[in-house]
Amino acid sequence: MTLNPDYILQVSNLTKSFSGIKALEGVQLNVRRGEVHAIMGENGAGKSTFMKILMGLLQADAGQVFFEGEELRHSSVHEALKRGISMIHQEILMVPELTVAQNIFLGRENTPWLKDHVREQEAAELLTQLGMKLNPRTKMKYLSVAEMQMVEIAKAISNNAKVIIMDEPTSAISDKEVDALFKIIRDLKAQGVAILYISHKMNEIYEITDTITVLRDGKYIGTKSTKDIDNKHLIAMMVGREIESLFPLALASKGEVLLEVKNLSSKGKFEDISFEVKAGEVLGLAGLMGAGRTEIARAIFGLDAFDGGEVWLKGEKVTIKSPQEAIKAGIGYVSEDRKGLGFIPGLSVKQNITLSSLRRHSKRGLLQSKSEEEIANRTISELKIKASSMEQKVRYLSGGNQQKVVIGKVLQASPEVVILDEPTRGIDIGAKSEIYKLIRDLTARGMAVVMISSELPEILGMSDRILVLSQGKQTALLNKEEASQETIMRYAMHE
Amino acid sequence: MNNLVFKRENKYLYTVKNTFKINTRGLGQYGIFVAFVLICLLLSFITPKFLTVSNWTIIITQVSINALLAFGVTFVIITGGIDLSLGSVVAVTGVVAASMAHPDTYPVVVPVLVGILAGVSMGALNGVVITKSKVPPFIVTLGMMTIGRGLALILSKGRPISNLSDEFNFIGGGQIMGIPLPIIILIIAFVICSIILKKTVLGRYIYAVGGNEQAAKASGIRVNKVKMAVYTLCGGLAALAGILLTSRITTGQPNAGVGFELDAIAAAIIGGTSTSGGTGTMTGTLIGALLIGVISNGLDLLNVTSYYQQVVMGAIIIGAVVLDSWNQSSQK
């Protein structure tokens, strides 16, 4: 390949396989100094593998990477960081027992003795620059996910890197923090720093990036200037076909009220929440980070106790004190923390699907593999889970398919009310549209769906009615027709 | 005989592992300190012999060996690992040192240094196998426990090695300005270990590796180097304990140190080190070791037989961790 001095990073013919399956095949990339370069593609397209190779977390089987005109053969993250490549990881990689400052500077203490005081000062300045009010001495484990992500960002930019890889940096932060991040990206750009930007949020891609490189199934598809390509063509490049409409139409007829919540309150979390959801209906729960959406779901599902109010199911008042009781009563909950609470990565697709309903597949304590396999097979085909077989470990599935496995597990208990908390977080657009179809499917089967989401297009596209929360209070209950991004935001910011 | 011992340890081990895996923290530094003070107060009311300088000298001297081992294993447990080979390292070190510590042969530094070298090598070997093979530390060090015991028996031809020089015996039995040497060694080791853990970059990396290995890796920390350092350090401290023990009993015993690793792990856990890694302090471990020493001393003074002492000790380990887990969940 020819080296071009304009480019800070040049990649050619990169190939990587995992146990015989090609994750990357002949991938190329050229990145200019001071450029924000989006890497796009569906989940499983190979973006994360690609970035991990650049960062030294994985080794390529073949291909070349040139950084500042020199071939990069680093085999460790240590080396990559030293050369000037740093990364904001999608899965937040932080040590919970260490403080914010200790995490930001972890791995870069250049003396054998610790200088925490100096580092705390530096961390404080950095965080202020990011618009964060955060004590650098707070232990990481006490932070919210959004705050952790901001610390992850602070850590990556504090390295004085020449190339910063950002793998979904905004998946857990609010708009205000996104603005602060974008301001910093523009500053870094002006200083000649190149940014590799991975995100599934189209509006961000159009707002901040200059160039887009698309991967599909581990292969290089093409590179375009952001201003030259519209949404429709970009999605077509990513999925290899044109998606007519992301959100399938709501065709299910509405039935009786399945879930009714009356004046639900929990001190310090939310107060006086009332709503109802009918069979065949999707109720969207919108609001900013910390508005109390997840807390309400947890209270209904029996994960947390609440102080006041009532929950009614099919016209009967119920008292639910544990998730077991909630499941028995017909409520299913798919957590926002897919990795932490949703599935067991080391178990197979089959084992995960039947995990909470094993009793039905056992006789006198002995597992009946036939009935287990039957259910697993049916779920896999109904939900269109893409796995090599039902014996494949869930760890190796893409995010979208992992989410389907979790939903499949929840459906085993035949719930009538399903609460989905951020069902498409970190999932690419192709898989998103499948999850949306799946949600429509659930309503067509007569279930009531409560969907919590931070993505307004998703809320607007899927919900029949939208409950907007602000700081634990319910500020609006909008019909589909009267809702728009602006009205929802106005109510979400309502004091 | 060997087989029997092995079985007993294994059984105990499973209890330790399984009980503490679920619930990962010990009493925590402050809780354990309060418990320690309360038990001391209680014992001093029950028996006047307890709160005397001579009795405390005995307690601390007896505790010193377990404390040294516990410091070492604390490093290891904070990284999320475990070292079961400590008792065997004690035996190997003792036999090696004793064989070079006869009167009028080498100066006393030779057996000491060679003994420590033996322990350091065993620890380093643990580290190499664990980092290169990715076999869990539990299994690697379990193997090393048996290998070490075999080595000690081979090197000593199965017989105790006695007739050691006075200089060598001074290490475990001597006094400087009225203070027994083991206590001085204990204090120095404690200070150094605390500094390593709290004030050095290595210490920070030890917490980071145990707290979140992936994050440590992504931060550019060479995780394998940290693990190597930790097992080597642990082997070195076990060697020091082996030399202390050999000198105190004035014999190199190939059967010495059986089960010592479990007492050491118990001290670390009682002192608040989490078996899932990422937390723990040297102060906690020291108090954990002292607590074990004080209780067995107290029970001795009360003429409770050693059979019952074991039952009490086991209950205390479990109690300490259960209390702490209540503490933890009430904080949430």
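What is the volume of the second largest pocket?

Reply: The second largest pocket comes in at about 1000 Å³ (a pocket being an open set of points on a 1 Å grid over the protein atoms alone, where a 1.4 Å probe fits, with protein on both sides within 12 Å along at least five of seven lines; the volume is the space filled by probe spheres on the points, joined across faces, edges and corners). Bear in mind that this is a predicted model, where local features need pLDDT of at least 70 and side-chain atom pairs 80 or more, while totals for chains, interfaces and linings use all residues. Residues are numbered from 1 along each chain as written, chains are lettered from A and ligands numbered from 1 in written order, and side-chain values use heavy atoms, without hydrogens or water.

The lining (residues with an atom within 4 Å of a point) has 46 residues, and closest to the centre are A:Lys201, A:Asn203, A:Glu455, A:Leu456 and A:Pro457. In chain A, α6 (175-190), α7 (202-208), α8 (231-239), α15 (429-444), α16 (456-462) and α17 (485-492) each give two or more residues to this lining (helices are DSSP runs of H or I, at least four residues).

Domain 1 (7-239) and domain 2 (257-330 + 415-492) of chain A both contribute lining residues, so the second largest pocket sits between them (the bounds come from an automatic or database assignment). The C-alpha centres of these two domains are 33 Å apart. Their contact (heavy atoms within 4.5 Å) takes 16 residues from domain 1 and eleven from domain 2 of chain A.
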